[in-house]
Amino acid sequence: MPIIVNNMQTNIPVQSAWENTVDQVITKALELHQRVNSEVSVTFVDDQYIHQLNRDYRGVDRPTDVLSFAMDEGEEMPAAPEEVHMLGDVIISLETAQRQAKEYGHTFERELAFLAVHGALHLLGYDHQTEEETNVMRSKEESILTELGINR
């Protein structure tokens, strides 16, 4: 289950430990949902880049922390069991992640892990449009982070 991490920003030097954390949390989310033959692309960007994506694809004219672009929207295509399936893309603003980590009083790595698992769960079909959906999604996020020992 390939997790491909790309860096398209230059404002925050990326540490290899961050890439490992992102890989761990997304791999765990895929395992828990029996999607081990899935591929996810994660891209680190700056606020300017994610602002443009948020405006162009969601009609929201401001930066955000994470965006997910699922390849599986609509009818799912059957695949051979051994075939790797491209699940989608997760885009994370490192600048926003850094600000939010300070605001929430936890480490940058924890915030990055949260955003990565949040984005992966969106690719797996979770949403947070209602309070019930939000509660289910938050529970899954925290369960994965806790299981991996990523707390504060």
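Student: Does H1 pass H4 in a right-handed or left-handed crossing?

Tutor: H1 passes H4 in a right-handed crossing. A crossing is right-handed if the near helix is turned clockwise from the far one by less than a right angle, and left-handed if anticlockwise. This is a predicted model, in which local features need pLDDT of at least 70 and side-chain atom pairs count only at pLDDT 80 or more, while totals for chains, interfaces and linings use all residues. Residues are numbered from 1 along each chain as its sequence is written, and side-chain values use heavy atoms, with hydrogens and water left out.

Student: And what are the labels H and S based on?

Tutor: Helices (H or I, at least four residues) and strands (E, at least two) are DSSP runs, numbered from the N terminus.

Student: Back to the pair. At what angle do the axes of H1 and H4 cross?

Tutor: They cross at roughly 35°, and the axes come within 9 Å. Axes are lines fitted to C-alpha atoms, for helices over the stretch in contact, and angles run from 0 to 180 degrees between N-to-C directions.

Student: Which residues meet there?

Tutor: From H1, Ala17, Trp18, Thr21, Val22, Val25, Ile26 and Ala29 meet Phe108, Glu109, Leu112, Ala113, Ala116, Val117 and Ala120 of H4. Contact here means heavy atoms within 4.5 Å.

Student: Where does H4 run, and how far does it reach?

Tutor: H4 covers residues 108-123, 16 residues in total, and reaches 23 Å from its first C-alpha to its last, close to the 22 Å expected at 1.5 Å a residue. The expected span is 1.5 Å times one less than the number of residues.

Student: How many of the residues of H4 are buried?

Tutor: 14 of the 16 residues of H4 are buried, so the helix is largely enclosed by the rest of the structure. Buried means under 20% relative accessible area, exposed over 50%, and partly exposed in between, with a 1.4 Å probe and protein chains only.

Student: What follows H4?

Tutor: Gly125, with a positive phi near 105°. Just after H3 there is also a glycine, Gly105, whose phi is positive at about 75°.

Student: How does H3 sit against H4, then? At what angle do the axes cross?

Tutor: The axes of H3 and H4 cross at roughly 120° and come within 8 Å. That makes H3 oblique to H4. Angles under 35 degrees count as roughly parallel, over 145 as roughly antiparallel, 65 to 115 as roughly perpendicular and the rest as oblique. The H3 and H4 crossing is right-handed. Leu94, Ala97, Gln98, Gln100, Ala101 and Tyr104 of H3 make the contact with Phe108, Glu111, Leu112 and Leu115 of H4.

Student: Which residues in H3 are buried?

Tutor: Leu94, Glu95, Thr96, Ala97, Gln100 and Ala101. Their cover includes H1, S2, helix H2 (47-58), S4 and H4.

Student: Core next. How many residues has the largest nonpolar core?

Tutor: 33 residues, and those with the most contacts inside it are Val25, Ile26, Val40, Val42, Ile92, Leu94 and Leu112. Helix H1 (16-32), strand S2 (38-45), strand S4 (85-93), helix H3 (94-104), H4 and helix H5 (131-147) each supply at least two of its residues. H4 gives the most, with ten residues. A nonpolar core is a set of buried Ala, Val, Leu, Ile, Met, Phe, Trp, Tyr and Cys residues joined through side-chain atoms within 4.5 Å.

Student: What does Ile26 touch?

Tutor: Ile3, Val40, Val42, Ala116 and Ala120, leaving out residues up to four places away in sequence. There is also a second, separate core of five residues, including Ile50, Leu53, Leu67 and Ile91.

Student: Where is the place of Ile91?

Tutor: Ile91 is in strand S4, and at 9% relative accessibility it counts as buried. Not counting residues up to four places away in sequence, Ile91 touches Thr43, Val45, Ile50, Leu53, Asp65, Val66, Leu67 and Phe69.

Student: Is Met86 buried or partly exposed?

Tutor: Met86, which lies in strand S4, is partly exposed, with a relative accessible area of 26%. Met86 touches Glu39, Ser41 and Met71, not counting residues up to four places away in sequence.

Student: Last one. Where is Gln34 found?

Tutor: Gln34 is in the loop between H1 and S2, and it is exposed, with a relative accessible area of 66%. Its phi is near 50°, a positive value in a residue other than glycine.
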